Amino acid sequence: MKKWKQLLTVALMLTILGVMMAYPVQEVQAASRYDSYRQVSGDMESNIYDLIRRQKISLITAQAACDYTNYFFYQSAWKVGNTFPYSNNQSYANTISDGVYSYRVNSTGCYAYAKFAQMTYYQGRAETGRDRLYSDVAYVTADGIKNLLQTNGQAGEHLRIDNTHSLLYLAADDGGFYALSYEGGPICLVYFTWDNFATKYSGYRVWLYNVEKATNTVSTSDDTTNDRSVPVVSDAAAPGTLRKGSSWTCTGTVKSESNLISVSGYILDANYKTVYSSTQNTSAKIYKMAGSKIDRDLLFNKLPEGTYYYQISATNAYGSIMWVSDPIQVGAVSKPVITGASAPGSIRRGRAWTCTGTIKSDVALSSVTGQILNSQGRAVYSYTKRTTKKTYRMAGSVIDSHLYFNRLRAGTYYYRISATNSAGTTTWTSGAIVVR
């Protein structure tokens, strides 16, 4: 009896070994992979941001999509690891807020979470039935969901499994996709392989509330912006600072090898929400922003103090491109400040003297002037230097070399500095300098 049990055990082990050899463990795990995390690792975060930047996004900037993702990873009251307070078991919530953003969702549970997050990403835009794109009309398949999300999915969109669950879609790679999920416990970052998702939700209709209409270029390339068929933005820049009430002429040229369909310009606030926008439908291959209708519609001179971004988006038949500036600080610009300026009470006739003083400005200077005035206030020597620097030192400068103290006759003189930026002019004048 004992020997019979031993033989049975050996046979069973051989059978299991044969199954394992026929279906390698790694492949089985890969085919059924579903990961769920209550914390976000740095590697996952970097990978997700990289995938988001490859998406075609026009309603917001790619950086904004990354920033909102970071917000729901680490900052929101409803971040990864925290609990969403509107469970599936309670009545519909009307307007909900995480303490920073507030939106009308008229839903509850996972649907409310996905809808709220989507509206945060896309500045209050809510999904409608017209926005639905199905992975498969009758039921979900791996190829169907892969095609849907790789082609049409952008970070922050609402992925819905009919009457079952809602996810906040983030990004996809060739193997599967990342999403945020609330299922009654802590909010999690999840990763599905295409096969696992199709298996888990077999028999259900699945659709994407496609708020962002841009179409992704499905490619394994690390840099889809090198696709020469997509428009290119060149020579675009923005001022680091702008005086409140000041106008600014938009920069940038959009070029396309095929006819453009549209070009858009935006002023976004610090939360990447649109303050001003303008879109021009055009069939040209080149569009210059300066002096255009878009330029006239982006009212930089109407902006209150704060942080803003300048964005250009352009679309042709092959896809879209987007460029966004560094932050633009709009504020009350102060006049230049002159420090360290001094003058000798007296100097010997024929002796040179090195000018002193440093001019500092919180925006670019436009000019600095140095002068030697006589006792009647008339300029004996004067020199103006045009400059865009924010700091200008008089000692050893071209102005210093043109103020000829060593050529002055005996008498009383004054040393003067004037500096100008967009806020106005600051002037400093020394006490009397007696040349003996």
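Among the contacts in the chain that link residues at least 6 apart in sequence, 62% join residues at least 24 apart. The model from which this value was computed is a predicted one. The chain has 436 residues, of which 46% count as buried, and its secondary structure comes to nine helices and 27 strands.

An open sheet is formed by seven strands, which follow one another in the order S1-S8-S7-S6-S5-S9-S4 with antiparallel pairing. The edges of this sheet are taken by strand S1 (34–37) and strand S4 (132–134), and each of these has a single partner strand, so that one side of each is left without a neighbour in the sheet. Averaged over the sheet and with direction ignored, neighbouring strands are turned by 30 degrees against each other.

Helix H5 (residues 109–121) lies across strand S5 (158–161), strand S6 (165–172), strand S7 (176–181) and strand S9 (206–209), and its direction makes an angle of about 40 degrees with S6. Helix H6 (residues 142–152) is mostly covered, with eight of its eleven residues buried. The buried residues of H6 are Ala142, Gly144, Ile145, Leu148, Leu149, Gln150, Thr151 and Asn152, and what covers them includes the strands S4, S5, S6, S7 and S9 together with helix H7 (194–200).

Helix H4 (residues 62–75) comprises 14 residues and spans 19 Å from its first C-alpha to its last, a value close to the 20 Å expected at 1.5 Å a residue. Because ten of the 14 residues of H4 are buried, this helix is largely enclosed by the rest of the structure. The buried positions in H4 are Ala62, Ala64, Ala65, Cys66, Tyr68, Thr69, Asn70, Tyr71, Phe72 and Phe73.

H4 packs with helix H3 (residues 42–53) at an angle of about 150 degrees, the axes of the two helices being 9 Å apart. Since angles over 145 degrees count as roughly antiparallel, this value makes H3 roughly antiparallel to H4. The crossing of the two helices, H3 and H4, is right-handed. On the H3 side, the contact is made by Glu45, Ile48, Tyr49, Ile52 and Arg53, whereas H4 contributes Ala62, Gln63, Ala65, Cys66, Thr69, Asn70, Phe73 and Tyr74. Several residues of H4 named in this contact, including Ala62, Ala65, Cys66, Thr69, Asn70 and Phe73, are also listed among the buried residues of the helix.

A further open sheet consists of three strands in the order S19-S21-S24, again with antiparallel pairing. Strand S19 (337–339) and strand S24 (391–393) stand at its edges, and as each has a single partner strand, one side of each is therefore left without a neighbour in the sheet.

Conventions:
Residues numbered from 1 in each chain as written. Predicted model: local features only at pLDDT ≥ 70, side-chain atom pairs only at ≥ 80, totals over all residues. Heavy atoms only, no water. Pairing = 2+ DSSP bridges. Helix = DSSP H or I, 4+ residues; strand = E, 2+ residues; numbered from the N terminus. Expected span 1.5 Å × (residues − 1). Buried < 20%, exposed > 50% of the residue type's maximum accessible area, 1.4 Å probe, protein only. Axes fitted to C-alpha atoms, helices over the stretch in contact; angles between N-to-C directions. Parallel < 35°, antiparallel > 145°, perpendicular 65-115°, else oblique. Left-handed = near helix turned anticlockwise from the far one by under 90°. Contact = heavy atoms within 4.5 Å.
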